[in-house]
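My entries follow in the order I made them.

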Amino acid sequence: MYKYLLLLFMISDARASDIHPSLKNYVNKFERELGVTVDFPVRLAKVRNPQWVGVCITTKDGHKTVHIDPDRTNGLNKTQMEILVYHELGHCALDLDHYNKMKGKYPVSIMYRSEEHTSELQSQFRISYAVF
C-alpha cells in the first residue's frame, strides 16, 4: 500500500513541478474557474515564432506543453498575462482553436488570434470574457 501512496505522491508532485512558479496562480485559477485539470507542463521558455508570445505544443503522440516566452512578457501586466495564459491553456486543456469573431471593434473571446486587440480584451476582461 505504501508503494501506491508513494507513486501517487510522485505523480502529483511531478505535475506541480512542471508548472513554472510564476504561472502557477494563473493555472490554478483557470482550473478552478473552468473545472478542468491541467496535467501537462506550463513553462517559461523561448517561443520560436517571433510573432508569438506563447504557444501550445502538441506532439504526435498527444503530449501537450505550454510555453510562455519570458523575453516577450516583460511589459505585460497581471491581466494581460492572465489573458495570455488562459489563451494558451484554452488551446491545450480545452482543445480550442482561435475564435476571431468581433463585436464592433472588440474581440468576443480571449481565443482571438491577434495581439493587436490585447488592450481591448483587457478593457472588457473584468466585465465579461469568454473562453471559446
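**Entry 1: the histidines**

I looked up His-20 and got a relative accessibility of 30%, so His-20 counts as partly exposed (buried is under 20% relative accessible area, exposed over 50%, partly exposed in between, with a 1.4 Å probe and protein chains only). The model is predicted, so I kept to its limits: local features need pLDDT of at least 70, side-chain atom pairs count only at pLDDT 80 or more, and totals for chains, interfaces and linings use all residues. Residues are numbered from 1 along each chain as its sequence is written, and side-chain values use heavy atoms, with hydrogens and water left out.

I placed His-20 in the loop between helix H1 (2–17) and H2. Helices (H or I, at least four residues) and strands (E, at least two) are DSSP runs, numbered from the N terminus. Not counting residues up to four places away in sequence, I found His-20 touching Val-42, Arg-43 and Leu-44; contact means heavy atoms within 4.5 Å.

I then turned to His-67, which sits in strand E3 (residues 64–68). His-67 has a relative accessible area of 17% and is therefore buried. With neighbours within four places in sequence left aside, I listed its contacts as Arg-43, Ala-45, Lys-46, Val-47, Val-53, Gly-54, Val-55 and Ile-57. From C-alpha to C-alpha I read 10.0 Å between His-20 and His-67, which are 47 residues apart in sequence.

**Entry 2: H2 against H3**

I checked how H2 (residues 24–34) meets H3 (residues 78–94): their axes come within 10 Å and cross at roughly 60°. Axes are lines fitted to C-alpha atoms, for helices over the stretch in contact, and angles run from 0 to 180 degrees between N-to-C directions. I therefore noted H2 as oblique to H3 (under 35 degrees is roughly parallel, over 145 roughly antiparallel, 65 to 115 roughly perpendicular, the rest oblique).

For the contact I wrote down Tyr-26, Val-27, Lys-29, Phe-30, Glu-33 and Leu-34 from H2, and Lys-78, Met-81, Glu-82, Val-85, Tyr-86, Leu-89, Gly-90, Ala-93 and Leu-94 from H3.

**Entry 3: the faces of H2**

Which residues of H2 are buried? I found Tyr-26, Val-27, Phe-30 and Glu-31. Seen down the axis of H2, these fall within an arc of 135°, so they line one face of the helix; the arc is that of the directions from the helix axis to the C-beta atoms. Asn-25 and Arg-32 are exposed on the other side of H2. Just after H2, I noted a positive phi of about 65° at Gly-35.
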